[in-house]
Amino acid sequence: MSTNSGGFSGFLRRVFPVVSTLALAGAVTLTLARPAEGTRSNGLPELKALQEIEQLEYCYAAGTDAIGGGDLAKGKEIFSRCFTPNAPVLIWEAGAAPGDPPVVSVPSAEAWADFMGVLFAESGYVDTQHLISNIRIDILPGGNRAKITSYLIATHIVDPLGSVQVAHGTYENEAVWTPSGWKLSKRTFRTKAFMPLEAPAP
């Protein structure tokens, strides 16, 4: 795992924690993109593939929120259902220029789960809720790889009655067909904003 941040505390303030259908609230907008030009339409099999790929986004949210609720083992178990074993995860901080390197780069979902477990605990989060929406899926020519774009609003709860930290951003992900079905093969997150919010004093 490598980080390029100016410090762990700075990263906590500026990035997020980000990121993951355990506790998702109901209203999630979904847009399924048409297959890339040149990809043959496969009717029902194609629709099934789009549905399975969509579920990967919710699987990721569920795993992340299990970790946010303090259950690292459950989060890892959920991630094992939706990731390939060596799927990298890369995170860019808010305000990063197009050519900037990621502030976080880990080689697998398991490493990402461990990273979040430490991050969430040291941030003082008692729970999290990651809402993923605006999902667009592009199945690439050949039919066994896909690109996924989605939006995130993540709430990280420090005090349920007085203090949260909210992250907004965009996922740009990749998925691959495996003998076990569709799996995430790469996950990236570009943070748009990260804001601590406090309830006004009584």
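The model is predicted, and its confidence deserves attention before its geometry. The protein chain has an average pLDDT of 85, with 79% of the residues scoring at least 70. Residues 3-41 have a pLDDT below 50, although this stretch makes 118 contacts in the model beyond near neighbours in sequence. Where pLDDT is low, the predicted coordinates should not be read in detail.

The helices may be taken next. Two packed helices are described by the angle between their axes and the distance between the axes. For helix H2 (residues 44-68) and helix H3 (residues 72-82), the axes come within 7 Å and cross at roughly 165°. Since angles over 145 degrees count as roughly antiparallel, H2 and H3 are therefore roughly antiparallel to each other. The crossing in which H2 passes H3 is left-handed. On the H2 side, the contact is made by Leu56, Cys59, Tyr60, Ala62, Gly63, Thr64, Ala66 and Ile67; on the H3 side, Leu72, Lys74, Gly75, Ile78, Phe79, Arg81 and Cys82 take part. By class, the residues of this contact of H2 with H3 comprise ten nonpolar, three polar and two charged.

H3 also packs against helix H4 (residues 109-123), with axes that come within 10 Å and cross at roughly 155°. That angle makes H3 roughly antiparallel to H4, and the crossing of the two is right-handed. H3 contributes Leu72, Lys76 and Phe79 to the contact, while H4 contributes Ala109, Glu110, Trp112, Ala113, Asp114 and Met116. Of the residues in the contact of H3 with H4, six are nonpolar, none is polar and three are charged. Leu72 and Phe79 of H3 are listed in the contact with H2 and again in the contact with H4.

The strands complete the description. Strand S4 (residues 127-139) pairs with strand S5 (residues 145-159) in the antiparallel sense, over eleven bridges. Isoleucine 139 has alanine 146 in S5 as its bridge partner. The hairpin of S4 and S5 has five residues between the strands, and in this hairpin glycine 142 takes a positive phi near 105°.

Within S7, threonine 191 is the bridge partner of glycine 169. Strand S7 (residues 181-198) is also joined to strand S2 (residues 89-92) by four bridges, and these two strands run parallel. Here the bridge partner of tryptophan 92 is arginine 190 in S7.

Definitions and conventions:
Residues numbered from 1 in each chain as written. Predicted model: local features only at pLDDT ≥ 70, side-chain atom pairs only at ≥ 80, totals over all residues. Heavy atoms only, no water. Pairing = 2+ DSSP bridges. pLDDT = per-residue confidence, 0-100. Contact = heavy atoms within 4.5 Å. Axes fitted to C-alpha atoms, helices over the stretch in contact; angles between N-to-C directions. Parallel < 35°, antiparallel > 145°, perpendicular 65-115°, else oblique. Left-handed = near helix turned anticlockwise from the far one by under 90°. Nonpolar A, V, L, I, M, F, W, Y, C, P; charged D, E, K, R; others polar.
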